[in-house]
Amino acid sequence: MIDRTHRRRTALAGAAGAGIIAVVIALPLNGQAAASSVKCPQRIVSISPTATEDLFAIGAGPRVVAVDSDSNYPAAAQRVRKPGLVAYTPSAEAILGTYRPNLVIVSYDANHVVEGLRKGGVRVLFENTAANLSGAYNQIEAIGAATCRLGAARAEVGSIKRQIASVARAARPLAAGLTYYDEISAPAQSQNPYAASSRSFIGQLFGLLGMRNITNDPSGYPALSQEAIIASNPQLMFLSDNQPLDGGVTPKSVRSRTGWSSISAVAHNAIYGLNDDAASRWGPRVTVLIRQIASSVRTYRRQH
Amino acid sequence: MTGIRLERVRVARGDRTVVADVSMSVPQGAWVCLIGPNGAGKTTLLHALAALIPHGGAITIGGAPLAEMPRRERAQQIALVQQDAHVPTGVRVADYVMLGRTPYISYFGRDGRDDRRVVAEVLTQLDLLDLADRQVGQLSGGERQRVVVARALAQAPSILLLDEPTTALDLGRQMQVLELIREQQQARDLTVVSATHDLTLAAAYADRLALISCGALVAEGMPHDVLTTATLGEHYGVPLRVIHDPDGGVAVIPLRAPTPSPDATV
Amino acid sequence: MTTVPITDIPERAPAGLPRVHVRDAVLIAASIVLLAVTMLAGLFVGAVNIPPQDIVGDLLSRIPGVGIQSPLSHVDQVIVWQLRLPRVVLGALVGGMLALCGAAYQGIFRNPLADPYLLGVAAGAGLGATIAIVYAISFTLAGMGALPMFAFAGALLAVGLAYAVGRSVGAGRSATTLVLGGVAVAAFLTAMQTFLQQRHTDQLALIYNWILGSVATAGWSSVLTMLPYAVIALIVILLHGRLLDVMGLGDDAAQTLGVRTGQVRLLVIGAVTIGTAAAVAVTGLIGFVGLIVPHFVRLLGIRTHRTLLPLSMLLGASFLVLCDLVARTVVSPSELPIGVVTAIIGAPAFAMVLRTSRVDA
């Protein structure tokens with residue numbers, strides 16, 4: 001038989017807790033968030049660097065009131081860049097209270113921020129990493145639709161498509177069949193580097209030029225053993241993370257790796273850097289990326 | 001009636017027989033001390049009596065088989081003081097002794113007025129009332145041993161089992177603890193079964209001795225009957241001499257290798 | 001040293017010992033007040049500056065019959081009642097649950113280093129969360145997302161496995177074999193989790209975010225999800241206070257006192273597992289609270305579980321609410337991972353109390 005005092009005390013605790021919660025829930029505190037009836041949002045917050053680039057590319061820039069700390073492009077975005085706003089640790093309360101937005105675009109739902117913002121009556125677009133080009137185009141158009149810039153968005157998408165097509169057309173004869181290895185990060189000197197496979201977003205760009213990746217791993221970003229890289233002997237090597245100031249890899253450090261000098265790309269000095277930021281985003285600067293790839297191929301062909 | 005009867009009791013640990021065919025009876029109110037070399041099976045036998053390990057053969061308490069006794073009733077009848085009783089540091093003496101009332105408190109219950117009265121009585125009888133608020137970890141060895149015995153007595157048992165209750169205590173404290181147990185035994189009509197290495201003290205306090213060697217009961221009876229030079233010499237395997245004191249005490253004297261001495265007599 | 005005199009039994013037993021230690025009752029009352037104060041602070045303070053009196057005014061305006069207008073804008077109301085309040089309540093629930101479970105495990109395993117994640121709960125929940133994030137991120141069942149469900153299931157599975165491994169050793173269901181079983185299971189599940197993480201590095205940030213833990217929430221769904229399990233765990237554990245003291249004597253001694261040690265251990269482990277799994281499922285792995293808060297209470301001189309358990313729970317709740325308050329205000333508009341705050345605040349505080357208290361042997 002349960003002792004009376006224990007029972008009483010536990011019941012009291014339970015009742016107190018349940019009571020508080022019941023009162024809180026019963027009071028009309030959970031009123032329906034006013035559905036965002038703002039058709040063309042005038043206050044936009046973006047905590048996705050890609051979405052920031054998209055917004056400014058389609059002409060919605062003037063209505064952007066805050067972007068996250070990593071949104072460093074274009075230059076106009078720098079004016080509303082908030083160093084304290086971090087995409088990985090956002091605060092719905094802070095965003096709501098400080099910026100009073102009508103539309104927020106995120107690529108990453110941390111800290112229940114999407115739900116929190118929606119409860120605050122804000123429209124939220126959750127645009128996570130695009131798996132391929134058509135996904136990226138869809139995101140631009142979705143952003144266009146949400147910001148009453150659909151026409152501009154479609155025009156932008158069309159422009160990107162045309163540029164990519166023309167670059168690809170010109171570069172294919174030179175690039176088709178070339179083998180390449182795209183390194184996205186190398187944790188430490190002798191550890192296994194991470195590569196972007198043919199199935200990654202950027203891998204698909206290479207694919208448009210007919211180039212062959214040394215790996216077709218479906219995960220998109222496999223860690224490769226150095227043996228496998230050396231054995232596959234790529235003709236070209238690309239570095240997606242190559243700013244020495246933030247720990248990136250330089251062609252020089254690649255050459256100093258043991259055994260790598262036997263790789264064709266290293267021996268022939270065919271190591272090319274890509275724009276770091278563009279390489280990790282899926283926005284309008286895919287054109288920059290594909291131009292860089294094409295230009296690297298042309299350089300390679302000139303020398304070999 | 002709480003006499004203990006052991007009939008052909010066997011205890012095995014794994015595939016090793018530790019206690020083999022021990023038969024004896026402990027009359028109610030008597031103090032039987034188990035003696036014998038290390039590893040003879042004394043602790044194992046005590047643990048079997050406390051129902052901590054299964055046994056073959058039969059152990060009956062006042063006629064009722066130990067193995068079939070309900071758990072709570074068993075805990076209210078039999079109290080065990082272990083050799084190295086683990087005492088949680090920082091616990092107050094009064095709270096520690098109160099733990100001995102567990103067999104009388106329901107599963108989710110709390111100590112009641114009766115329990116608190118019993119604990120107060122035990123603390124008084126064992127001269128621990130002044131220490132009731134102290135932490136057990138801060139007590140001296142002798143005081144701590146009294147506290148452990150107090151916890152066992154708080155169980156209000158009819159049978160008290162003690163495994164080496166006086167190891168690590170000096171002679172004075174040893175006698176103190178044993179006097180205490182003797183006194184409580186008489187006051188509460190307890191049946192006591194203890195195990196010890198100290199043959200002399202065993203002879204001084206126990207009513208009967210039981211010599212266990214290699215798991216078997218090899219001698220049992222009054223101290224001066226069990227403690228003979230021949231018997232002990234054979235089972236302990238060392239030269240010794242037993243002296244019977246005219247007042248009834250028995251002393252066991254180890255004999256070292258003879259050295260030239262003017263007094264040497266054998 | 002005086003010998004024990006042979007005395008008569010006193011004719012009248014002395015008056016019984018006092019029932020409740022006055023100090024214990026005072027401490028519990030004080031910690032309840034502290035919790036209330038901390039929760040109020042959590043409601044009034046946040047990333048956005050909303051005057052407390054306006055919050056009170058808004059609350060009053062909601063009571064039917066009182067005719068005042070709310071001084072808060074709609075967005076501010078959402079911030080206070082739908083973002084801050086659920087978060088504060090969740091923090092109190094989780095902090096209390098973790099501290100209570102930590103104290104219970106330290107008692108049942110007689111080990112001061114025990115924490116609620118001991119039998120593989122963390123590894124199991126982590127693996128479940130990783131699987132959810134990598135393979136099932138958009139899966140929902142009855143409105144609940146994959147992440148909390150898989151994390152909860154993973155936690156339960158891990159403890160079940162640890163129990164099975166411990167029992168198969170054959171040395172009885174002793175505390176040590178259970179702990180060792182938990183170590184083995186945790187190592188295995190962590191290895192699987194690491195393998196998955198490494199194969200899906202693009203999801204790494206999401207997974208790590210979850211592992212670092214957070215009480216950020218919107219609306220009451222997280223609280224309501226966790227509540228039934230928390231209440232069950234709380235009731236079972238609190239009722240076992242006295243038995244935990246008895247178990248502290250060691251299995252043998254407890255058995256001679258008539259306690260079914262295996263069964264008690266199973267019940268307590270079951271309750272702790274359910275409560276911890278529920279907490280972890282909604283907030284990820286928040287460390288330090290379950291380990292340190294009970295020790296803090298012990299340093300105050302509380303040793304019996306009857307007081308240690310509820311006091312740990314109340315102080316753990318206050319502690320986590322306070323840490324969350326710090327986590328969401330100091331680097332606003334960003335937030336610190338709460339595990340970082342609990343360690344940064346908790347460790348020095350604990351060290352200070354350790355130094356100034358008289359630590360017994």
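Colleague: How far apart do the C-alpha centres of domain 1 of chain A and domain 2 of chain A lie?

Modeller: Those two centres are 31 Å apart. Before we go on, this is a predicted model, in which local features need pLDDT of at least 70, side-chain atom pairs count only at pLDDT 80 or more, and totals for chains, interfaces and linings use all residues. Residues are numbered from 1 along each chain as its sequence is written, while chains are lettered from A and ligands numbered from 1 in the order in which they are written.

Colleague: What makes these two stretches of chain A domains?

Modeller: The bounds come from an automatic or database domain assignment, which divides chain A into domain 1 (44–128) and domain 2 (170–303). Where they meet, domain 1 of chain A supplies seven residues and domain 2 of chain A six; residues are in contact if their C-beta atoms, placed from the backbone, lie within 7 Å.

Colleague: Why is chain C called as compact as a globular protein of its length?

Modeller: The radius of gyration, taken over C-alpha atoms, is set against the globule rule, 2.2 Å times the number of residues to the power 0.38. For the 361 residues of chain C the rule gives 21 Å, and the chain comes to 23 Å, which is close, so the description holds. Chain C has 14 helices and two strands; both are DSSP runs numbered from the N terminus, helices being H or I with at least four residues and strands E with at least two.

Colleague: Which element of chain C gives the most to the side that touches chain A?

Modeller: That contact takes 37 residues from chain C and 41 from chain A. Helix 3 of chain C gives the most to its side, with 10 residues. On the contact with chain B, chain C puts in 28 residues and chain B 41, and there helix 10 of chain C gives the most, with four residues.

Colleague: How do you know that the length of helix 5 of chain B agrees with its residue count?

Modeller: The expected span is 1.5 Å times one less than the number of residues. For the 14 residues of helix 5 (residues 141–154) of chain B that should be 20 Å, and the end C-alpha atoms are 20 Å apart, so the two agree. Just after this helix, Ala156(B) takes a positive phi of about 50°.

Colleague: Which residues touch the most other members of the largest nonpolar core?

Modeller: A nonpolar core is a set of buried Ala, Val, Leu, Ile, Met, Phe, Trp, Tyr and Cys residues joined through C-beta atoms within 7 Å. The largest has 284 residues, and Val97(B), Leu161(B) and Ala104(C) touch the most other members. Helix 3 of chain C gives the most to this core, with 22 residues. Both domain 1 and domain 2 of chain A also give residues to the core, so it lies between them. As for Leu161(B), its contacts include Leu46(B), Ile78(B) and Val193(B), leaving out residues up to four places away in sequence.

Note on methods. Contact = placed C-beta atoms within 7 Å. Buried ≥ 20, exposed ≤ 12 C-beta atoms within 10 Å, placed from the backbone.
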